[in-house]
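Me: I would like to learn how to read a protein model step by step. Could you guide me through one?

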Amino acid sequence: MKTCPKCNTEYTDDSLNFCLEDGEWLIGGEKGDGPATAVMSGEDSTRHWPATTSDSSGPQSMSSAEYLIRGI
C-alpha cells in the first residue's frame, strides 16, 4: 500500500507512483523503502562516454548494455 504524504490518501495499486489527487510522489509499497534507481557519487558519476559512429553522419546513441561494457 502506498500513501500520499500531502493528502494522506492511501492507494492499494502498487503500480501507481503519483497521487491521483495532487500529483505528489507516493511513499511506501512492498518493494522496500530505498530508491528504485541507484545513485552514484564521485568522479565516475559524471564521466561521459563518447557515442560510437558507423559513418560520418554524426554521433549515435549507445544502448545501455554497450555503455556498461565500454565502462569496464
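Me: What share of the contacts with a separation of 6 or more in the chain comes from residues 24 or more positions apart?

Reply: This is a predicted model. One looks at how far apart along the sequence the touching residues lie. Here, residues 24 or more positions apart account for 12% of the contacts with a separation of 6 or more.

Me: What percentage of the residues in the chain is buried?

Reply: Of the 72 residues in the chain, 8% are buried. As for the surface, the chain exposes about 6,100 Å², and 52% of that area is supplied by carbon and sulfur atoms.

Me: Where is asparagine 17 placed, and is it buried, partly exposed or exposed?

Reply: Asparagine 17 sits in the loop that lies between strand 2 (10-11) and strand 3 (27-28). Asparagine 17 counts as partly exposed because its relative accessible area is 38%, and that class lies between the limits of 20% and 50%.

Me: Which residues does asparagine 17 touch, leaving aside those up to four places away in sequence?

Reply: Asparagine 17 touches Lys2, Glu24, Trp25 and Leu26. With lysine 2, the link is between side chains: a polar contact at 3.3 Å.

Notes: Residues are numbered from 1 along each chain as its sequence is written. This is a predicted model: local features need pLDDT of at least 70, side-chain atom pairs count only at pLDDT 80 or more; totals for chains, interfaces and linings use all residues. Side-chain values use heavy atoms; hydrogens and water are left out. Buried means under 20% relative accessible area, exposed over 50%, partly exposed in between (1.4 Å probe, protein chains only). Contact means heavy atoms within 4.5 Å. Accessible areas come from the Shrake-Rupley method with a 1.4 Å probe; for residues, only the protein chains shown count as cover. Helices (H or I, at least four residues) and strands (E, at least two) are DSSP runs, numbered from the N terminus. A polar contact is a pair of N or O atoms within 3.5 Å; within protein, one must be able to donate a hydrogen and the other to accept it, and residues adjacent in sequence count only if both atoms are side-chain atoms.
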